[in-house]
Amino acid sequence: MKVTYYQNDIDPSGDQNSQSPLLLKIAELTDQYGMQLPDGWRNAIRIRKLEDDNPHNVFALDVESDIGGGEYANTKLSMLEQFPELYYTGEHNTVKFAILLDKRFAPDSTIGRLNQELRAARTTAQVNPTIWEELQRKYRVTHWYGGIRIPMRITNACWSTNTRRGQESWDTHTDSYEILLAFSGAKEWMDVYIALQIFKELSHNLPGDRKHSRVSYSLTELYMDPLINFHLRNMGTLIPRKELSYATNQV
Amino acid sequence: MQRIKYEADNTKHFSPIEADLRRAITRLAVRDRGLFTNDWTAQIQIKDDNNNTFFQAVYGENDSISREAIGKINLLSLPRVSCTGVNDRITTYNLCEIILDKDDFGISETSGDLIQQLLSADMVYELGESAYQKILKEYGYYFRDGGIKISCKMINASGATEKRIIQIVFHGCFATQFNTYYALEIFRLLQQILARHEEGNSYEYDLEPLRKNNTADLFIRKTGIAEA
């Protein structure tokens, strides 16, 4: 396993070794399910701070197997970056996928032709693989599951002087972020499982000092998709199995 | 949801068990309806040591069993098959070997090729549903996930033991691997129901053969199914 890209503006003093719990978890998962990752795998993680005019990456980690592979991880990540309205990658309805492309890309002959092919097919399996390859190559989009977006809020508390009253008190400040995480290399249901397991580990080892922070994640949108919902409810990913609530969850 | 079939040798004993099982599967079908197709089927069988079925219940959305579910049932009827899914090269290889070993398994040119394709490491991930359908049409076996067979030892209050086989087939989940999950979930529910209705009896389940299938192994750990 090798780290191919690392950026940490949350905790600039932290080198790659500060991410060892996360890296160990990725190594453990990919080792455990190695049989289902015969051609390698890749994992890409971004944490973006959502400031009004300038959403930007404050943390990035790309990891891949020694033999490479998992080329769709970057496409899944790119898809989440290109479509802010999407909370996950994965679409089995080709017409819905075509509508999505229509909204994002200016109509030209190429996208028109690809869209026509997508609308003519009933399922993703019926679409000629060359169409998917072209969509991946030219537009960096994919219909595969395995990319997730998780909105995150971090509330920091600090002891400060209240300027109006001149008294010292605890002050809180909340920032909005989002985590983009993509995994590729296994079958798509397994990509989702591994991606959610990596998110679980990341949520427990978020970069930076968290002694005076409260971190909350919104999984509401992920629950809306049946396949991801299955993993969240049944696979011990985040919450007790009996919990069927669609509400926001705090990990 | 409908009860498509219910047969039991000892109806006095098994009818309350079947009623509880039906209720539990109804709850599951309602809870996870978003993942089930319009022709989902669940078949539960309990057999004795001589492979005689003494309890059978079939439930589904329609009043008939889908061809794919029958194909999984046929595959599980082979003695060495414990799980129907082929999700990695090892499970595919094992299953094909079992089938090729079967003495009366006549291989035609077409489906022989398909099985060779399955056996070929590079093809496992590329084989589409059409190939599985061809094997189903040719042989009546459906290689996809959702069939599980578990041996167990029942020990009654006086200490006498009986060997039993529990066979569960689920078909009709949008994501093929989740069929194994639902078969295991029904098995977990059945475990609880049997424990409730047969207080004097205890069961020891042998999950090892199932664990050789990676997908089943993952789901066994996640569903909290116990060996005993």
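Between chain B and chain A, five residue pairs are in polar contact, with both residues at pLDDT 80 or more (N or O atoms within 3.5 Å; within protein, one must be able to donate a hydrogen and the other to accept it, and residues adjacent in sequence count only if both atoms are side-chain atoms). The model is predicted, so local features need pLDDT of at least 70 and side-chain atom pairs count only at pLDDT 80 or more, while totals for chains, interfaces and linings use all residues. Residues are numbered from 1 along each chain as its sequence is written, chains are lettered from A in the order in which they are written, and side-chain values use heavy atoms, with hydrogens and water left out.

One salt bridge is found across the interface (a side-chain nitrogen of Lys or Arg within 4 Å of a carboxyl oxygen of Asp or Glu). It pairs D32(B) with R233(A) at 2.8 Å, N to O. On the side of chain B that touches chain A, helix 8 of chain B gives the most, with seven residues (helices are DSSP runs of H or I, at least four residues, numbered from the N terminus).

Turning to the rings, 27 aromatic pairs are counted over all chains (Phe, Tyr and Trp, the last by its six-membered ring, with centres within 6.5 Å; planes under 30 degrees apart are stacked, over 60 edge-to-face and the rest tilted). W189(A) and F178(B) make an edge-to-face pair, 5.8 Å centre to centre with 90° between the planes. Because W189(A) lies in helix 6 of chain A and F178(B) in helix 6 of chain B, this pair joins two chains.
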